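The exercises below are to be worked through with the sequence and the coordinates at hand. Each task is followed by a solution in steps.

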Amino acid sequence: KACILKCLLDIHKVFRENDPAYILNDLYITDYCIWIQRVKMRTLAHTQWRFHTICSCGLMCCGIVAEGAGS
């Protein structure tokens, strides 16, 4: 979860510094940052594929991808 939060915060920073993209923080990224801190690992394992698409480092580098998830 820490790796995902770090990626989301990195995305938040990039969007905050980009005038047309800042609205994406309000629409998505801020809520994801809050959600990832509260979500249970089981729920995260079921939705990990969504984060893989937005997280530039991917979940595999974090070693938290549930076996068989996303297959």
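**Exercise 1.** Is Trp35 buried, partly exposed or exposed, and what is its relative accessible area?

*Solution.* The model is a predicted one, and the values that follow are computed from it. Trp35 belongs to helix H2, which covers residues 22-38. Its relative accessible area is 31%, and since buried means under 20% and exposed over 50%, Trp35 is classed as partly exposed. Trp35 also takes part in a nonpolar surface patch, together with Tyr22, Ile23, Leu24, Leu27, Tyr28 and Tyr32, and the accessible area of this patch is about 640 Å² in total.

**Exercise 2.** Determine how the buried residues of helix H1 are arranged about its axis.

*Solution.* Begin with the helix itself: H1 runs over residues 2-16, and its 15 residues reach 21 Å from the first C-alpha to the last, close to the 21 Å expected at 1.5 Å a residue. Next, list its buried residues, which are Ile4, Leu5, Cys7, Leu8, Ile11 and His12. Viewed down the axis of H1, these buried residues fall within an arc of 160 degrees, so they line one face of the helix. Ala2 and Lys6, by contrast, are exposed on the other side of H1.

Notes:
Residues numbered from 1 in each chain as written. Predicted model: local features only at pLDDT ≥ 70, side-chain atom pairs only at ≥ 80, totals over all residues. Heavy atoms only, no water. Helix = DSSP H or I, 4+ residues; strand = E, 2+ residues; numbered from the N terminus. Expected span 1.5 Å × (residues − 1). Buried < 20%, exposed > 50% of the residue type's maximum accessible area, 1.4 Å probe, protein only. Arc of directions from axis to C-beta. Patch = residues over 30% accessible without salt bridge, like charges linked within 9 Å, V, L, I, M, F, W, Y side chains within 5 Å. Areas by Shrake-Rupley, 256 points an atom, 1.4 Å probe, with all protein chains shown as cover. Salt bridge = Lys/Arg side-chain N within 4 Å of Asp/Glu carboxyl O.
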